[in-house]
Amino acid sequence: MFPPLPEEKASKVLDILVQKLNSGETELIQVSRVSEERKNQGVMLGALVCEDENGNEVKLVTNSGISKKLKTENGKLEISFNEKTDFLQFVEPIVSAKKIEEALSENDKKIHELTEKIKSLKDSQEKLNIKNELKELCAQSLDKVFNLYSFHCIDGKSRTLKDICRTYNKGRLPPTGTGDCCAPKLLDYAFSHKLKPISLSEIKYEKQGAGAFVSPCDERCGILLPAMTGLRILYRDDEICVVNKQSGLLSVPGRVEKDSVETRFLSLFGKTVEIKQPAVHRLDMETSGIMILAFTHEAHRELNRQFEAKEIQKEYIALLDGILQKKGVSSHGTMELFFRLDVENRPHQIWDSVNGKSAVTEWQILGVERYHAPDGSMRNCTRVLFMPHTGRTHQLRLASADSHGFGLPIIGDTLYGKCEKGERLMLHAKKISFTHPKTGERMTIECENEF
């Protein structure tokens, strides 16, 4: 995953920590038994530089896993930072090795017995039955371990691992070791102690020394960090930030509901954001996908100019409720429709060939497939790639549902179609191309849909 925070300050902390490890001033000590397959593996070292409520810097460090820890004095390690004496605060695992061993102990003996029994069996059917039993026991043990994990988040709430997986991992259980990487440990400590994270970095460390700096991992941190920070970051530098907005989240604060991509962005990056309204463009609350925010006034102005000049290209994926070809729609084409706000039924838009604004949409039919509804039923739908040439309110929803367009709504559309319990709008902003406001480089960012 893309590093969620700037790395420079935290990387300097890790350089100092590695020097202390290499010189023997500190060491990684074994605190619990380690499996044979991981015996000679290195660990990740992580650092998070934060600010406390008085604006003082606090430097947190940790290592990955639960079997080793940095040797410290009462949890602190003295260093020289910027020619001043400072301290590194060591962050312990979210769940201790002892608690994990206790959770695994109930099934441990039986799992070992079944594993040995499989080795001695010749009958393939009996072996299969034992393997299925073993698989079930291992799943039970894993479930008990996952139940131990909860994480403090930027909004002040604490969320269990299972709650996070329901939103950020389609309800599936994550890989083993989720929660034991450096980044979630450090962020959990920061948020639980009301510290403001400003720089995060990780490095691979082995006996022979440190390797390259690395980003948080996709398979574990890619689930946890978006939930903890409130944003799934696809790209970030000093000028802009590109995020994957989740369905159901506002782009900017509403009159009543204040939680939005914009407020989360301001909460995470704080005083590094120059503008009060950093969102460069918006997505409907029910639409997921790519959204750009700016850190600086100059970046915001330049990207707005590119939108107005139609220099930015966007692509969306949608699932339409039915078979589009039955309506005689060609596989590729462009339509121009005219809509305006229905002032008596906000926020609906209505057709108006006289006073409506032009909405130009290019489309490509990708195919017909079966849609699995939350209630277990199935029906036919059409997957469509939309390439809007304008940026009108509800443009793609209207192009799909209105009789002047396809006359076939997007699945889950609460305004122009129907949305059953447990459904979401099947519309996702998957790709955007623009010119970087400072470097002038042409950039293309993609984000695959989850449907």
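**Exercise 1.** Determine how many disulfides the structure holds, and explain what the sulfur of Cys181 shows about this.

*Solution.* The structure holds zero disulfides, a disulfide being a pair of cysteine sulfur atoms within 2.5 Å. For Cys181, the closest cysteine sulfur is in Cys217, and because the two sulfurs are 3.8 Å apart, they are too far for a bond. Cys217 is likewise in no disulfide, since its nearest cysteine sulfur, that of Cys221, is 3.8 Å away. This is a predicted model, in which local features need pLDDT of at least 70, side-chain atom pairs count only at pLDDT 80 or more, and totals for chains, interfaces and linings use all residues. Residues are numbered from 1 along each chain as its sequence is written, and side-chain values use heavy atoms, with hydrogens and water left out.

**Exercise 2.** Check the span of helix H8 (residues 297–308) against its 12 residues.

**Exercise 3.** Work out which residues of H8 are buried and where they lie around the axis.

*Solution.* Buried means under 20% relative accessible area, exposed over 50%, partly exposed in between (1.4 Å probe, protein chains only). In H8, the buried residues are Ala299, His300, Leu303 and Gln306. They cover an arc of only 125 degrees around the axis, so they lie on the same side of H8, the arc being that of the directions from the helix axis to the C-beta atoms. On the other side of H8, Glu298, Arg301 and Glu308 are exposed.

Conventions: Helix = DSSP H or I, 4+ residues; strand = E, 2+ residues; numbered from the N terminus. Expected span 1.5 Å × (residues − 1).
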